[in-house]
Amino acid sequence: MAKLTETDKAAFRELTERGWEQSSEERSPRIVEPSPEGRARYARWASEASKFFKGTKPVDFSGDHWKL
């Protein structure tokens with residue numbers, strides 16, 4: 001385990017005495033409403049990403065499982 005330097009120890013002591021102050025941006029995440037343009041971009045991206053898979057996925061309906 002690494003040892004702390006004196007400046008690290010002083011900064012840690014100062015932080016523990018003062019406490020951690022959280023900004024309003026960190027406290028409340030920003031809510032972003034989806035726009036039609038953003039949805040269209042995602043749909044185009046998903047369509048292109050679906051073409052990346054070049055393998056084969058065999059479909060096998062054999063077996064004795066009750067769901068078959």
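Colleague: In this predicted model, how many aromatic pairs does the count come to?

Modeller: Rings pair if their centres lie within 6.5 Å. By this rule the count here is 1 aromatic pair.

Colleague: Which rings form the pair, and how are their planes set?

Modeller: The rings belong to Tyr42 and Trp45. Planes under 30 degrees apart count as stacked, over 60 as edge-to-face, and the rest as tilted. Here the centres are 5.7 Å apart and the planes stand at 35°, so the pair is tilted.

Colleague: Is Tyr42 buried or exposed?

Modeller: Buried means under 20% relative accessible area, and exposed means over 50%. Tyr42 has 55%, so Tyr42 counts as exposed. Trp45 is exposed too, at 53%.

Colleague: How many residues of H3 are buried?

Modeller: The count is 0 among its 14 residues, and H3 is hardly covered. In the protein as a whole, buried residues make up 0% of the 68 residues.

Colleague: What span does H3 reach?

Modeller: From first C-alpha to last, H3 reaches 20 Å. That is close to the 20 Å expected at 1.5 Å a residue.

Colleague: What pattern does the protein follow along the sequence?

Modeller: The pattern is α-α-α. The protein has 3 helices and 0 strands.

Methods
Residues are numbered from 1 along each chain as its sequence is written. This is a predicted model: local features need pLDDT of at least 70, side-chain atom pairs count only at pLDDT 80 or more; totals for chains, interfaces and linings use all residues. Side-chain values use heavy atoms; hydrogens and water are left out. Rings of Phe, Tyr and Trp (its six-membered ring) pair if their centres lie within 6.5 Å; planes under 30 degrees apart count as stacked, over 60 as edge-to-face and the rest as tilted. Buried means under 20% relative accessible area, exposed over 50%, partly exposed in between (1.4 Å probe, protein chains only). Helices (H or I, at least four residues) and strands (E, at least two) are DSSP runs, numbered from the N terminus. The expected span of a helix is 1.5 Å times one less than its number of residues.
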